[in-house]
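Subject: Structure for your files

Hello,

Here is the structure for you to look through. My notes on it come after the sequence and coordinates.

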Amino acid sequence: MLGKKDRKEAPENNGAINVIGEGTRIIGHISSNGDVRIDGIVEGDILTAGRCVLGASGKIKGNVDAKNADISGTIEGNIKIKELLLVKTTGKINGDIATTKIVVENGGEFNG
């Protein structure tokens with residue numbers, strides 16, 4: 001077509017939810033534009049432009065960088081959240097935390 005140029009645009013957050021189920025173990029880094037839910041084990045860093053949800057059975061051995069996070073499992077690494085970090089009753093974080101807002105429910109733990 002005349003007058004139109006091909007444009008390459010960055011992929012948008014299309015509302016995709018990436019799920020790592022219980023019983024699954026991933027060794028390596030994860031990068032996503034959508035939300036990430038982890039109920040299994042990840043050994044590596046997680047970078048997401050959306051929300052990172054760590055279920056009660058989930059474990060992360062690595063750093064987390066996300067827009068928001070709900071933590072019910074265990075993280076061994078540093079965590080950087082741009083907006084809200086919610087540490088639920090069963091949540092445990094062993095590492096440094098950088099966030100603008102944090103809520104720690106009764107029973108939630110963090111050491112850093």
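Below is what I found, beginning with the overall make-up and ending with a single residue.

Please keep in mind that this is a predicted model. The mean pLDDT of the protein is 89, and 87% of its residues reach 70 or more. Among the elements, strand β11 (residues 74-76) has the highest mean pLDDT, 98, while strand β1 (residues 17-20) has the lowest, 88. One stretch needs caution: pLDDT stays under 50 over residues 5-11. For residues 5-11 the model has one contact beyond four places in sequence. Where pLDDT is low, the predicted coordinates should not be read in detail.

Overall make-up

The protein contains 15 strands and zero helices. Of its 112 residues, 35% are buried. If we take the contacts with a separation of 6 or more, residues 24 or more positions apart account for 1% of them.

The six-stranded sheet

Six of the strands form an open sheet with parallel pairing, in the order β2-β5-β8-β11-β13-β15. At its edges are β2 (25-27) and β15 (109-111), each of which pairs on one side only. From one strand to the next, the twist averages 5 degrees. Strand β11, the one with the highest mean pLDDT among the elements, belongs to this sheet, between β8 and β13 in the order.

Ser-32

Ser-32 lies in strand β3, which covers residues 30-32. Is Ser-32 buried or exposed? Ser-32 counts as buried because its relative accessibility is 13%, and the cut-off for buried is under 20%. Leaving out residues up to four places away in sequence, Ser-32 touches Asn-18, Leu-47, Thr-48 and Ala-49.

Regards

Notes: Residues numbered from 1 in each chain as written. Predicted model: local features only at pLDDT ≥ 70, side-chain atom pairs only at ≥ 80, totals over all residues. Heavy atoms only, no water. Helix = DSSP H or I, 4+ residues; strand = E, 2+ residues; numbered from the N terminus. Buried < 20%, exposed > 50% of the residue type's maximum accessible area, 1.4 Å probe, protein only. Contact = heavy atoms within 4.5 Å. pLDDT = per-residue confidence, 0-100. Pairing = 2+ DSSP bridges. Axes fitted to C-alpha atoms, helices over the stretch in contact; angles between N-to-C directions.
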